[in-house]
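Dear colleague,

I am handing over the structure we spoke about, with the sequence alongside. Please look through it first, and then read on for what was found.

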Amino acid sequence: MVEPIRSTTRAERERALDAAGWNVFQLAAADVELDLLTDSGTGAMSQAQWAALIQGDESYAGSRSFDRFREAVNDVLGFPLVVPAHQGRGAESVFFGAVIDPGEIVPSNAHFDTTRAHIEVREGIALDLPVAAALDPDLDVSFKGDMDTDALADLLAGEDGERVSIVMLTLTNNAGGGQPVSMANIREVARLAREHSKKLVLDIARFAENAWFIRELEEGYADTSLPDVVREMLSEADGVLMSAKKDAIANIGGFVAIREDEVFFKRLQDRGIVFEGFPTYGGLAGRDLEAIAVGLKEVLGEDYLRHRIEQVAYLGAVLEEQGAAILKPVGGHAVYLNAGRMLPEIPAARFPAQALTCALYLAGGVRGVEIGSVMAGRDPLSGENRVPPLELVRLAVPRRVYSSRQLEQAGDAAAEVVADPGSVRGLEMTSEAPVLRHFTARFRPVG
Ligand code: F0G
């Protein structure tokens, strides 16, 4: 299938961005030339997935499509008990609603924004414990997605340890550069969780990309097959949360899956019925379940995954060549620009990463996403703006959509900003929602 892309002029983009309140989430997709807003649900499905759609069994209860979906989840990931949901945050709602009491602390390497929101709306505390290396954007070392296990050990052994019932890891770490988590770290986190009788739950939105890095970079895995790396990665976990819009290469869908504990499974199913739908469809059409079942297997194809990781690395190389400051090393699904470095004159209070996102759109019709002070939001207790460790702009690559030549347009847009950073104006926020404000906040340029 071929989708036409409309060219736009700078004047058209200026008008569109102004009407969008200087927030690229509010742009019409037709006004975007290279859409690197997200890799979520934006992938192109394969022939095999389209063929599977035709097999969709749309029975309300007990459909064959659900059986195929459940079998794929169990075959690829090793979790027999699965509750489908309409997308990742639906799975988060089902899961956290069943486990979070007010005051509960949920440690992770780094929570993604929707995960944090689902914990915080239930008055829980989403605690990020990244390794120190994760906070140095220039340090080019492997596995910057790891959790700080000393900090986790201290938390679990201390007074607050009683307020923890689950420990999480996000594979790969989306909030911190798409960096992978090593097998050694997963194992150590699992050991600590077990020692303190806590459950380990993994957010596996990008499990295949994480497995690729383990096989390429971690000692002892060069000869292990990707499906075996995945099985080993997940073997320590009690449960997983999945957004099928990423590494199941589907346009919609998600699930919670656990290994055992029929009583807890029943609770998850009951919550699923209220919010997502009957437990054999969970907010999805039978055909969506089919697409996910096929995608979960395709994503571990050698040729696919090599191309995927290399294409994202190529985007990183192009951007660097044009003088952009990027977070090192390049992660699995996106390149993260260091906006603080590229626009040093714009103070944090004037949202440098949001300003850079807007500048890239104006320069080249390229849409990225801010991962900085806007997305960080406000502390739910104090109401103060949170100060994130880094001001980043993520350029996420949709799966199987763009050619590498098309991605070069992002390099050209970055080059314009690099040539004249003084022309980029800071922003003032004029309206914001109380939760997940980055989607709808409005701004105006100042200075
Ligand atoms: N977990 C991670 C690590 C994610 O990256 C996302 C979504 C979710 C959970 C929620 O899943 O969107 O299906 O409800 N990330 C998207 C992104 C939105 O652009 O990175 P969802």
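Of the 447 residues of the protein chain, 58% count as buried, where buried means under 20% relative accessible area, exposed means over 50%, and partly exposed lies in between, with a 1.4 Å probe and protein chains only. Please keep in mind that this is a predicted model, in which local features need pLDDT of at least 70 and side-chain atom pairs count only at pLDDT 80 or more, while totals for chains, interfaces and linings use all residues. Residues are numbered from 1 along each chain as its sequence is written, and side-chain values use heavy atoms, with hydrogens and water left out.

On the overall fold, the protein chain holds 16 helices and 14 strands, these being DSSP runs numbered from the N terminus (H or I of at least four residues for helices, E of at least two for strands). For 447 residues a compact globule would have a radius of gyration near 22 Å, and the 21 Å of the protein chain agrees with that; the radius is taken over C-alpha atoms, and the globule rule is 2.2 Å times the number of residues to the power 0.38. The C-alpha trace spans about 60 × 55 × 45 Å along its principal axes. If one takes contacts (heavy atoms within 4.5 Å) between residues at least 6 apart in sequence, 72% of them join residues at least 24 apart.

As for the surface, the protein chain exposes about 18100 Å², of which carbon and sulfur atoms supply 51%; the areas come from the Shrake-Rupley method with a 1.4 Å probe, and for residues only the protein chains shown count as cover. There are 44 positive and 67 negative side chains, and the centres of the two sets lie 4 Å apart. In that count Lys and Arg are positive and Asp and Glu negative, with His and the chain ends not counted, and each charge is placed at NZ of Lys, CZ of Arg, CG of Asp or CD of Glu.

Aspartate 247 sits in the loop between strand E7 (239-243) and strand E8 (254-258), and it counts as buried because its relative accessibility is 0%. Its side chain reaches the backbone nitrogen of alanine 208 at 3.0 Å and that of glutamate 209 at 3.2 Å, both under the definition of a polar contact (a pair of N or O atoms within 3.5 Å; within protein, one must be able to donate a hydrogen and the other to accept it, and residues adjacent in sequence count only if both atoms are side-chain atoms). Not counting residues up to four places away in sequence, aspartate 247 also touches others, including Arg206, Phe207, Met242 and Arg399.

Phenylalanine 79, in the loop between helix H3 (64-77) and strand E2 (81-85), is likewise buried at 0% relative accessibility. Beyond its neighbours within four places in sequence, phenylalanine 79 is in contact with residues among them Leu234, Val240 and Ile258. From phenylalanine 79 to glutamate 260 the separation is 181 residues in sequence, yet 8.2 Å in space, C-alpha to C-alpha.

Two peptide bonds are cis in the model. One runs from leucine 171 to threonine 172, with omega near -20°, and threonine 172 belongs to the loop between strand E5 (166-170) and helix H7 (183-195). Another joins lysine 328 and proline 329, with omega about -15°; proline 329 is in the loop between helix H12 (302-321) and strand E9 (334-338). Proline 329 is buried, at a relative accessible area of 19%, and its contacts, leaving aside neighbours within four places in sequence, are with Leu139, Asp140, Val141, Lys144 and Gln179.

Turning to backbone angles, serine 197 has a positive phi of about 55° although it is not a glycine; serine 197 lies in the loop between H7 and strand E6 (199-203) and is exposed, with a relative accessible area of 67%. Leucine 436, too, has a positive phi, near 50°, and is found in the loop between strand E13 (426-431) and strand E14 (442-446), where it is partly exposed at 25%.

Finally, glycine 282, in the loop between helix H10 (262-275) and helix H11 (286-298), is buried with a relative accessible area of 1%.
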